[in-house]
Amino acid sequence: MNTRRRRLGLLLIAPGSAYLLLAFVSIVALLVSYSLRTTQTATLFSTFDAGTWSSALSDSYLWSTVGTTLRVGLIVCVLCVVIAYPLAWSLRAMGRGWRVAAMMFVIFSPILVSVVVRSYGWAMLLRTGGPLGGVLDSWLYHEPGVILALVHVELPFAFFPILAAVRAVPAELGEAAADLGAGAAQRFREVLLPPTVPGLLAGAQLTFTLTISAFATPALLGGGRVSVLAESIYTDIQQLLWPRAAVQAVVLLVLTLLVLAAFGLLGRLVAGRVGTRSAT
């Protein structure tokens, strides 16, 4: 019976999986093909030449763009997790009701608005004479303004995995630790935090990967002063520099895969430690 169910499950997911795999492999193959040429041609097949890779990897501007992309991604990731974690515990403590529903709607609302509208909204807030212009006037068209807007939109992607992990923690754990004499800090550090670490990692992984591939917000709020990989790729495509754009796209893809692999490895290590602690 279990074998039949497994086969049926494989048959159900096979068409979608095959389509996604084919699309991913085709796009990656096309990117690699375009990156291995120096001529500006749209033909599917062309003479391979590593000259574009050589010039791109020796270009200090590319590495500066990579550094900015990773720095913005890391800062946004840390800020989102730091904000989302206590917020998740607060909503758990509130239980159910209209207040929780209202808070969930406020947290989720950035995703309901177009990225262009949202970015222009932040530009209006941060501009000279805007509501935040007097305090944060220098943030517009600079990295802090880009980070602020990205935290606003990426926060839900950090919050919901963390909230799911927090709600899965039995309330009796904290009460039992308190009965055994553990203080508030010790209860949090040794009892409540470990089960929620997988949710923390999932939220951080989503936030970081989405941020390093963000385009519209850095382009509109960076004002050309905050150069990230996605915007640099778009600029090269506009100038018909397809081989160079393909090189940068491959670099961004490799960075994303490395981040996913690192978070996956960290998640397995944490899960192993949590499982070992629970067994003992």
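Helix 3 and helix 4 cross with left-handed geometry. The model is predicted. Its chain holds twelve helices and zero strands, and 36% of the 280 residues count as buried.

**Helix 3 against helix 4**
- The axes of helix 3 (residues 60–94) and helix 4 (residues 98–112) cross at roughly 155 degrees and come within 9 Å.
- Angles over 145 degrees count as roughly antiparallel, so helix 3 is roughly antiparallel to helix 4.
- Helix 3 contributes Leu 87, Leu 91 and Met 94 to the contact, and helix 4 contributes Arg 99, Val 100, Met 103, Met 104 and Ile 107.
- By class, the residues of this contact are seven nonpolar, no polar and one charged.

**Helix 5 against helix 7**
- Helix 5 (residues 115–126) packs with helix 7 (residues 143–167) at about 130 degrees, and their axes are 11 Å apart.
- The crossing of helix 5 and helix 7 is right-handed.
- On the helix 5 side, Arg 118, Trp 122 and Leu 126 take part; on the helix 7 side, they meet Gly 145, Leu 148, Ala 149, His 152 and Val 153.
- The contact of helix 5 with helix 7 comprises five nonpolar residues, two polar and one charged.

**Loop residues with positive phi**
- Tyr 141 is not a glycine, yet its phi is positive, at about 65 degrees.
- Tyr 141 sits in the loop that joins helix 6 (133–136) to helix 7.
- The relative accessibility of Tyr 141 is 37%, so the residue counts as partly exposed.
- Leu 240, also not a glycine, has a positive phi of about 60 degrees.
- The loop between helix 11 (229–238) and helix 12 (242–279) contains Leu 240.
- Leu 240 has a relative accessible area of 48% and is partly exposed.

**Chain as a whole**
- Along the sequence, the elements follow the pattern α-α-α-α-α-α-α-α-α-α-α-α.
- Among contacts in the chain with a separation of 6 or more, 69% are between residues 24 or more positions apart.
- The chain has an accessible surface of about 16,000 Å², and carbon and sulfur atoms account for 70% of that surface.

Conventions
Residues numbered from 1 in each chain as written. Predicted model: local features only at pLDDT ≥ 70, side-chain atom pairs only at ≥ 80, totals over all residues. Heavy atoms only, no water. Axes fitted to C-alpha atoms, helices over the stretch in contact; angles between N-to-C directions. Helix = DSSP H or I, 4+ residues; strand = E, 2+ residues; numbered from the N terminus. Parallel < 35°, antiparallel > 145°, perpendicular 65-115°, else oblique. Left-handed = near helix turned anticlockwise from the far one by under 90°. Contact = heavy atoms within 4.5 Å. Nonpolar A, V, L, I, M, F, W, Y, C, P; charged D, E, K, R; others polar. Buried < 20%, exposed > 50% of the residue type's maximum accessible area, 1.4 Å probe, protein only. Areas by Shrake-Rupley, 256 points an atom, 1.4 Å probe, with all protein chains shown as cover.
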